[in-house]
Amino acid sequence: MRLLALLIASTWILGGCAGMQQADPPRVTVVDVEPAESQGLEARMLLKLRVQNPNQVPIDFNGVSLELTVLDKSFASGVSNQSGTVPAFGETVIAVPVSISVLGLLGHAMGMMGGKSVDKINYEMRGKLNSTNSGSLHFKSHGELSLPGS
């Protein structure tokens, strides 16, 4: 009888573990960039990010951090303690202030002027959304930016 109870309990536990699904990472894209007050050798921008939740469970969050890479070099980074909820199969917009080193910006400009014509710039954004119910949810997006006049 004890063995039967143990078998039933282990089947129930294993079935419960199998039912737990790994959540898909949120999809994050930049929807707007606004200038912000800068200081000294640091430029500031406010990135507005559209966060899409491809899962059937809402994401409650209380912070976001990100790093933006341009031409395979670190370009900007930022954090925000903004909190809210991304609904199940829904989306929300989060504002994240980012810092850009003016010296780094000059280095990127010099690299782009290295002889060949550049009409598009590759970028990558990596970060994490701190979820109060799922831990840190990492995201990554990338693409190309077209330069004016190209």
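**Stop one: S80**

Select S80, a buried residue at 15% relative accessible area (buried is under 20%, exposed over 50%, partly exposed in between, with a 1.4 Å probe and protein chains only). This is a predicted model, where local features need pLDDT of at least 70, side-chain atom pairs count only at pLDDT 80 or more, and totals for chains, interfaces and linings use all residues. Numbering starts from 1 along each chain as its sequence is written, and side-chain values use heavy atoms, with hydrogens and water left out.

S80 sits in strand β4, residues 73-80 (strands are DSSP runs of E, at least two residues, numbered from the N terminus). Show its neighbours: leaving aside residues up to four places away in sequence, S80 touches G63, V64, A95, V96 and P97, contact being heavy atoms within 4.5 Å.

**Stop two: R50 and E91**

Next, pick R50 and E91, whose side chains form a salt bridge at 3.0 Å, N to O (a side-chain nitrogen of Lys or Arg within 4 Å of a carboxyl oxygen of Asp or Glu). R50 belongs to strand β2 (residues 42-52) and E91 to strand β6 (residues 91-101), so this pair ties together parts 41 residues apart in sequence. R50 is partly exposed at 27%, and E91 is partly exposed at 40%.

**Stop three: the network**

Which residues are linked in a network of salt bridges? Select E124, R126 and K140. The E124 side chain meets R126 at 2.8 Å, N to O, and K140 at 3.7 Å, N to O.

Key
Helix = DSSP H or I, 4+ residues; strand = E, 2+ residues; numbered from the N terminus.
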